[in-house]
Amino acid sequence: MKTTKRTWRLAIAALLALGAASARAAGDEEIRIGACQPITGRFAFAGGQLNAGLGDYLAYANEQGLVKGKKLVYIYEDTGYDTERAVATFKKMMAQHSPVIMYGESTGQGKAIAPELNSRYKVLYGSTSFSSELADPKNHPYSFVSGPTYSDQFGILLDYIAKHPKKGKPKVAFFYSDTEFGKDPIPWAKERAKALGIEVVAEIVTKVAAVDVTTEVLSLKKAQPDYVIFQGYVLAPIPEVIRAARDHGVDATFMSTFWSMDKAIIDKLGPDAEGYMGVNPYAYWWDEAPAIAAMRAYNKKVHPEVTYRPNSYIQGWFTGMIYVEAIRRVVAAKKPVTGDTLKDALATIKDWDTGGLTGKVTFVSNKAAVGRVYKANVQKAIFEPASDWIYLK
Amino acid sequence: MRIGDFKESYAADEALFRTPTARAGLAALLAALALFPLVAGEYLVYLANLVGVLAIGALGLNILTGYTGQISLGHAAFMGIGSYAAAVAQTRFGAPFWIAVPAGGLAACAAGAVVGVPSLRIKGLYLAIATLAAQVIFEWIFTNWTGVTGGIRGINVAPASLLGFRFDTDVRTYYLVTAVAALHAYAAANLFRTRIGRAFVAVRDRDLSAELMGVNLFRTKILAFMISSWYAGIAGGLFVYFAKVVTPESFPLTLSIQYLAMIIVGGLGTIQGTLYGTVFVTLVPEALRSLTQVAQKISPEAMSWFHPMKDILFGAMIVGFLVFEPHGLAEIANRIRRFFALWPFPK
């Protein structure tokens with residue numbers, strides 16, 4: 001029994017010491033950043049990494065002293081990818097911690113919180129979403145997208161296709177899921193294709209978890225597109241479609257946007273990944289860029305067990321960079337750090353060099369329309385750039 | 001202890017809350033509900049609104065499944081119909097909320113009448129599958145009838161207002177939601193003291209006997225579907241004003257299943273149970289989440305396995321209730337009440 005008592009005493013002492021330590025560290029002025037993260041639930045494949053990326057960058061910024069005289073405090077909660085819970089979490093965090101910056105788990109949360117975000121909370125709001133609906137300064141003045149929207153990503157791919165025709169007028173098929181995620185860029189993409197002289201020969205809509213894709217592949221075979229662009233999926237059914245297309249002799253290049261552009265899809269496809277392409281707004285873990293090297297070095301120090309970070313981690317990291325850049329600009333202008341000054345600072349970001357993590361960043365309409373087309377390298381099981389950074393005007 | 005409880009008139013015998021204790025309990029509950037937003041923070045009020053909205057829907061499902069014995073897996077779809085009808089009424093026709101919300105109820109009611117038709121021929125699990133079809137069909141309509149539903153992006157709505165008073169904060173919405181929920185709970189409790197309500201129960205217990213006693217089976221079942229859908233529609237209508245946006249993704253099949261979980265955990269065929277069940281299913285995951293927040297402070301590294309743990313724990317709690325108290329939370333509450341009825345004397 002004696003040992004138990006001693007353990008307790010030790011524990012209490014440790015707790016007290018911790019409390020004292022945190023009290024001492026509170027010398028710098030705190031800037032609180034709250035996040036509603038989809039760590040469990042349907043989005044869990046990315047949620048944990050998004051959270052780690054954002055949290056790590058903010059810790060890195062503190063360590064490097066990127067914001068002079070201020071301490072960034074990161075607070076996060078799991079939302080289970082449920083809009084109502086996410087909104088509840090948002091309100092709870094605002095009441096408990098009154099952060100000046102928030103991070104949201106989904107497009108749905110962005111829409112549901114918008115009326116109160118605009119009228120009461122007035123904090124800078126970034127999120128996992130690339131929805132074009134949130135990159136709308138009129139209805140969502142406090143929201144921004146960490147890079148290009150899905151529409152922009154389609155624009156980048158269509159640009160690439162227009163410059164790399166296979167034979168005659170390029171023909172493209174859109175292959176998307178019947179979700180908000182899947183349908184978001186399609187109307188704009190159709191117009192854009194028309195403007196670029198690209199023919200949309202097929203539009204195929206499926207459920208997210210479609211298993212049997214034979215009919216869809218047969219209609220692809222009939223339409224004979226040069227390029228097929230997937231949208232609204234993560235993994236399934238992309239590998240199934242590509243394999244079945246190969247079996248049926250469909251001679252097309254398959255492309256995707258951000259969420260289907262992680263190493264995971266190459267691993268899943270194996271040799272079938274040959275020729276697979278897509279757009280990613282960011283550089284990859286293995287790329288030789290100063291910002292990525294810094295990220296790898298930080299991971300090596302703090303998480304020595306980590307050998308790879310997916311692109312969702314990089315999105316979180318980059319969102320952290322945007323937050324810090326906005327804060328730095330506000331602090332440099334000697335203004336108080338509030339949602340309003342931060343959102344105004346965001347709009348001043350022009351040709352910002354991110355150290356190669358992405359192209360030069362200019363925020364127009366609360367988004368940065370830049371990205372790069374990558375191609376799978378099956379031998380190395382990585383993505384390699386197929387184009388330079390493409391800027392969408 | 002409760003003694004000297006004599007009924008001296010039929011009216012007293014028929015009263016919904018028959019004993020002074022029950023009446024005092026009700027008064028205390030109403031007072032607590034009225035005072036709640038004054039002491040609770042915004043977060044708790046928001047959750048209370050969510051519970052209120054879902055409770056109305058769950059009452060509807062309990063009328064259909066718990067009292068009438070017709071299983072439905074399409075309850076979320078009816079809620080969706082109510083939401084869309086209310087949103088369209090407000091945004092297209094400029095209807096105020098006191099027209100838009102009942103319009104949602106009526107629209108769901110009409111849909112319920114149609115979906116209920118197969119119930120005359122099929123029962124049990126077969127009916128569950130038929131209503132599942134309704135869920136899938138309506139979800140598809142929400143997504144694809146873009147002209148009316150706004151497609152995948154849905155419809156944004158303005159806050160409700162009454163005579164210039166805007167229900168634009170959570171506290172104001174709370175009073176609206178709570179009042180409507182209380183009204184519907186009261187109506188549901190009274191329903192089963194009428195001929196219709198008793199007919200529902202008769203159909204549940206043995207439909208053949210009910211028919212022999214002169215209950216028109218077809219009419220009764222359709223009516224159960226309609227009343228149940230009305231509740232779902234009203235819940236949906238309020239949901240729009242609560243969430244300020246309606247999208248097809250708000251009414252997935254999992255919500256229908258969550259509704260079933262609420263009434264099963266709470267107690268099939270009890271009004272109080274429905275309310276307990278709604279509170280349990282909505283708030284316990286939230287409470288577990290708060291617990292993980294505490295754990296997060298102590299050990300940030302353990303989070304990767306602690307986050308999924310709360311779902312497992314929640315599932316285990318539901319299974320535990322079903323095993324140890326198949327009649328649901330309502331029965332546990334009743335047992336506690338019975339214990340205190342004669343307390344401090346032994347039985």
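User: Among contacts in chain B between residues at least 6 apart in sequence, what share joins residues at least 24 apart?

Analyst: Start with the term. Two residues are in contact if their C-beta atoms, placed from the backbone, lie within 7 Å. In chain B, 76% of the contacts between residues at least 6 apart join residues at least 24 apart. For chain A, residues 24 or more positions apart account for 69% of the contacts with a separation of 6 or more.

User: What kind of model is this, and how are its parts labelled?

Analyst: It is a predicted model: local features need pLDDT of at least 70, side-chain atom pairs count only at pLDDT 80 or more, and totals for chains, interfaces and linings use all residues. Residues are numbered from 1 along each chain as its sequence is written, while chains are lettered from A and ligands numbered from 1 in the order in which they are written.

User: How many helices and strands does chain B have?

Analyst: Helices (H or I, at least four residues) and strands (E, at least two) are DSSP runs, numbered from the N terminus. Chain B has 15 helices and four strands. Chain A has 13 helices and twelve strands.

User: How do I read the radius of gyration of chain B against that of a compact globule?

Analyst: The radius is taken over C-alpha atoms, and the globule rule is 2.2 Å times the number of residues to the power 0.38. For the 347 residues of chain B, the rule gives a value near 20 Å; the chain has 21 Å, which agrees. Now the spans of the C-alpha traces along their principal axes. Chain B covers about 65 × 60 × 45 Å, and chain A about 75 × 55 × 40 Å.

User: What percentage of the residues of chain B count as buried?

Analyst: Count neighbours. A residue is buried if 20 or more other C-beta atoms lie within 10 Å of its own, exposed if 12 or fewer, and partly exposed in between; C-beta atoms are placed from the backbone. In chain B, 44% of the 347 residues are buried. In chain A, buried residues make up 53% of the 393.

User: Which residues of helix α9 of chain B are buried?

Analyst: In α9(B), residues 195–205, they are Ala199(B), Phe200(B), Ala202(B) and Val203(B). They cover an arc of only 165 degrees around the axis, which puts them on the same side of α9(B). The arc is that of the directions from the helix axis to the C-beta atoms. What covers these buried residues includes α3 (42–67), α10 (207–212) and α11 of chain B.

User: At what angle do α9(B) and α11(B) pack?

Analyst: Two packed helices are described by the angle between their axes and the distance between the axes. Axes are lines fitted to C-alpha atoms, for helices over the stretch in contact, and angles run from 0 to 180 degrees between N-to-C directions. Here the angle is about 105 degrees, with the axes 10 Å apart. That makes α9(B) roughly perpendicular to α11(B). Angles under 35 degrees count as roughly parallel, over 145 as roughly antiparallel, 65 to 115 as roughly perpendicular and the rest as oblique.

User: Which residues make the contact between α9(B) and α11(B)?

Analyst: From α9(B) come Ile196(B), Ala199(B), Phe200(B) and Val203(B); from α11(B) come Leu217(B), Thr220(B), Lys221(B), Leu223(B) and Ala224(B). By class, seven are nonpolar, one is polar and one is charged. Ala, Val, Leu, Ile, Met, Phe, Trp, Tyr, Cys and Pro count as nonpolar, Asp, Glu, Lys and Arg as charged, and the others, Gly among them, as polar.

User: How do the axes of α3(B) and α11(B) cross?

Analyst: They cross at roughly 170 degrees and come within 7 Å. That makes α3(B) roughly antiparallel to α11(B). Their contact has 18 nonpolar, five polar and no charged residues.

User: How many residues does each chain give to the contact between chain A and chain B?

Analyst: Chain A gives 19 residues and chain B gives 21. On the side of chain A, the elements giving two or more residues are β2 (70–78), α3 (83–97), α4 (107–121) and α6 (180–183). The largest share, five residues, comes from α3(A). That side of chain A divides into five nonpolar, four polar and ten charged residues.

User: Is Lys244(B), with its positive phi, buried or exposed?

Analyst: Lys244(B) has a phi near 65 degrees and is not a glycine. Lys244(B) is buried, with 22 other C-beta atoms within 10 Å. Its place is the loop between α11 (217–243) and β4 (245–246) of chain B.
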